[in-house]
Amino acid sequence: MPIFDLVAVGDATKDVFVEIEEASVSCTLHTDACLLCLNYADKIPVKNVTQIPAAGNAANAAVGTARLGHKTALVTTLGNDSDGRDLAEALKRDGVSSQYTTIDKKHGTNYSTVLNFKGERTILVYHQPRTYVFPKKFPNTKWVYYTSIGKKHEAYERMLLAWLKAHPNTKLLFQPGTHQLRRGLTSLLPVMKRSSVFVVNKEEAQVLLGDGDDVTKLLIALHNKGPEYVVITDGANGSWGYHHGEIWKLPMFPGKAKERTGAGDAFATGLVNALIAGKPLDEAMRWGTANSRGVVLQVGPQAGLLTAAQMKTDLKKFARITPRRIS
């Protein structure tokens, strides 16, 4: 019998959120490409600083799953430093098992600085130069949530796929991070073919498939690579999902965003926890949307992650906002 409902696999980081006021945004005409501009060689006043000891996509998913009442663990590598010890302690407080973490005795804990300006964020990410070591005893689980990991992770990934092959009843959610996406579609196909759920945002889907603005075509093209469920998020424009030939579109739940880091993680976490609970895709998308809304209303990727009781309340509050089947 599985001992966990979900095991998150990927890098964990310490996040420091810096809220700035004296900046500007410059956008190129007729495109969505915008630049955050600061005065060069100047001292920029900071309005507020918030530290999150246990962040990163995988940690966010593990914490979000624990808050929704499911038993979870995090498989990651931590530095042998105070940040690594703080990270492990923070996971413990949220009910996440960290017994499957590896300690890197040569390098410190990953670190991110998040510049928050008017609700949008620019993230400066530092991944330590890891030698990833697959756990000698990987935890038995119903779901694996595989997400962002640093460079030179390919051998580690092959070992994860081998473990999944030996455990065919374990389902896989794949939410690729930067270094995985940079490998390109062909390199990711073995993971996608094993995935029950594949989650990306619209820009990531376009990069993988070579542009294209029609989300329905993007969904179908990604589904044809192997995943049973495909979900594409698009910020304020909501989300789209594909399963068994059905395409669903769901708008965002209303609320004034304070800071958007972790919104995608929160969505994918809410979605997979609904699937763990036996919900269909259209309802699972509502769980994801509610969880994402909770996160963007606060600073950081975890402060707004919903508990099971809060999820029930928010789903009832926005009961009139449901996915629309478009195909």
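**View 1. Glu157 counts as buried, at 4% relative accessibility.** The value falls below the cut-off because buried means under 20% relative accessible area. The model shown here and in the other views is predicted. Glu157 is a residue of helix H3.

**View 2. The side chains of Glu157 and Arg183 are joined by a polar contact.** The distance of this polar contact is 2.8 Å. When neighbours within four places in sequence are left aside, the residues in contact with Glu157 are Tyr146, Gln180, Arg183 and Val191.

**View 3. Nine strands form an open sheet with mixed pairing.** The strand order is S6-S1-S11-S12-S13-S14-S15-S16-S17. At the edges are strand S6 (72–75) and strand S17 (324–325), each of which pairs on one side only.

**View 4. Helix H3 (residues 154–166) packs on the sheet.** Helix H3 touches strand S1 (4–9), S6, strand S11 (141–146) and S12. The direction of helix H3 makes about 160° with that of S11.

**View 5. Helix H9 (residues 281–296) also packs on the sheet.** The strands touched by helix H9 are strand S14 (229–233), strand S15 (239–243) and strand S16 (246–250). Between the directions of helix H9 and S15 the angle is about 150°.

**View 6. Strands S12 and S13 pair in the parallel sense.** Strands of a sheet pair through backbone hydrogen bonds, in either a parallel or an antiparallel manner. Here strand S12 covers residues 171–174 and strand S13 residues 197–201, and the pairing runs over two bridges. Phe174 has Phe198 as its bridge partner in S13.

Note on methods
Residues are numbered from 1 along each chain as its sequence is written. This is a predicted model: local features need pLDDT of at least 70, side-chain atom pairs count only at pLDDT 80 or more; totals for chains, interfaces and linings use all residues. Side-chain values use heavy atoms; hydrogens and water are left out. Two strands pair if DSSP finds at least two bridges between them. Helices (H or I, at least four residues) and strands (E, at least two) are DSSP runs, numbered from the N terminus. Contact means heavy atoms within 4.5 Å. Axes are lines fitted to C-alpha atoms, for helices over the stretch in contact, and angles run from 0 to 180 degrees between N-to-C directions. Buried means under 20% relative accessible area, exposed over 50%, partly exposed in between (1.4 Å probe, protein chains only). A polar contact is a pair of N or O atoms within 3.5 Å; within protein, one must be able to donate a hydrogen and the other to accept it, and residues adjacent in sequence count only if both atoms are side-chain atoms.
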